[in-house]
Amino acid sequence: MSDLNTMSDCLKKLTQNITYDSCTPALRAKTGLETKAVIINRSDLDFTAITESGATVTNLSLMSGATGYSINWVKQLGNTASAYSVNDGLDTYNHSFICRVFGQSASDAEIIKELGEGEFLVVVETKFKGVDQKDAYKIFGLESGLKKSEGTFSSIENDGSYVFTLSSVEGFGESYPYKVYLETDYTTTKTKFDALFAS
C-alpha cells in the first residue's frame, strides 16, 4: 500500500450537515460569557477520573485536597477564543482566555505573579446554553494547558486593572476548538462549577 493510501485512511470525513435552524433559538450561536470562570492548576487535575467522548468531558475531577479558583468580571470583560493552526504534523486549535485582575493590592500582585508561573485549565459558562442547557459550559486547555502569554498594567488605562491572556503554548494546541463540560445535566454541572471542583 502506498504512503498516499495510508495517509488517506487516517483522514476524517465530515459526518453531519451544517445547518441554520431559525425555528430553534436554543441552537443558534450566541455571543458572550456569563460573568465567572474557574481557573484550575493543570497539575491538580485527576486525569485518571476524567472521561472524554469526542468534544464532551465528564467527571472533571481534581486531586485530593485541590480546588479551582474563581475569577469574576462585569459586562463582557472576560473572553475566550480559539484559532485554527495548521502544522506540519497534526493541525490544532490554540485557545486563549482574556480577563482582568481588577485590584491593585499586594495580594493582587501575588496573583499576577502566580498567573505568570503556572499552567492552567479554564472552565467558563457561555451565554449559549444549547438544548436543555447541555452545552452551557466550555473547557479550554484540558489537553495541553494554558500559560500566560500577555499581561499589561497601566495606571491610566482599563481603570487601572491588569489585563492578561492565558494561551496555548505555540506547538502545543488542542484537538477541538473547545470542549463541552457536562455532568449528566445543567444543574449537576453548575453545582460542581460553583463549588470550584473542589475535591
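**Rings, strands and cores in a predicted model**

Modeller: In this predicted model, the count of aromatic pairs comes to seven.

Biologist: Why is the pair of Tyr137 and Phe193 called tilted?

Modeller: The ring centres of Tyr137 and Phe193 lie 4.9 Å apart, and the limit for a pair is 6.5 Å, so the two rings count as a pair.

Biologist: Why is the pair of Phe193 and Phe197 called edge-to-face?

Modeller: The centres of these two rings are 6.4 Å apart, within the limit of 6.5 Å, and their planes stand at 85°, which is over 60 degrees, so the pair of Phe193 and Phe197 is edge-to-face.

Biologist: How do you know that the charged end of Lys138 sits over the ring of Tyr178?

Modeller: The charged end of Lys138 is 5.5 Å from the centre of the Tyr178 ring, and the distance asked for is within 6 Å. A second condition, on the angle to the ring normal, applies as well, and the Lys138 end is counted as sitting over the ring.

Biologist: Which residues touch the most other members of the largest nonpolar core?

Modeller: That core has 19 residues, and the ones touching the most other members are Ile40, Leu45, Leu60, Val123, Ile139 and Phe197. Two or more residues come from each of the elements E1, E7, E8 and H3. Leaving aside neighbours within four places in sequence, Phe197 is in contact with Val38, Ile40, Leu60, Leu62, Ala66, Val123, Tyr181 and Lys192. Apart from this core lies another, of 18 residues, among them Ala37, Phe97, Phe120 and Tyr162.

Biologist: How do you know that E1 and E7 pair, and in what sense do they do so?

Modeller: At least two bridges are needed for two strands to pair, and E1 (residues 33–41) and E7 (residues 120–126) have six, so they count as paired, in the antiparallel sense. One of the partners across them is Phe120 in E7, bridged to Asn41. E1 also pairs in the antiparallel sense with strand E4 (residues 69–72), over four bridges, and there the bridge partner of Ile39 is Tyr69.

Conventions: Residues are numbered from 1 along each chain as its sequence is written. This is a predicted model: local features need pLDDT of at least 70, side-chain atom pairs count only at pLDDT 80 or more; totals for chains, interfaces and linings use all residues. Side-chain values use heavy atoms; hydrogens and water are left out. Rings of Phe, Tyr and Trp (its six-membered ring) pair if their centres lie within 6.5 Å; planes under 30 degrees apart count as stacked, over 60 as edge-to-face and the rest as tilted. A charge sits over a ring if NZ of Lys or CZ of Arg is within 6 Å of the ring centre and within 35 degrees of the ring normal. A nonpolar core is a set of buried Ala, Val, Leu, Ile, Met, Phe, Trp, Tyr and Cys residues joined through side-chain atoms within 4.5 Å. Buried means under 20% relative accessible area, exposed over 50%, partly exposed in between (1.4 Å probe, protein chains only). Contact means heavy atoms within 4.5 Å.
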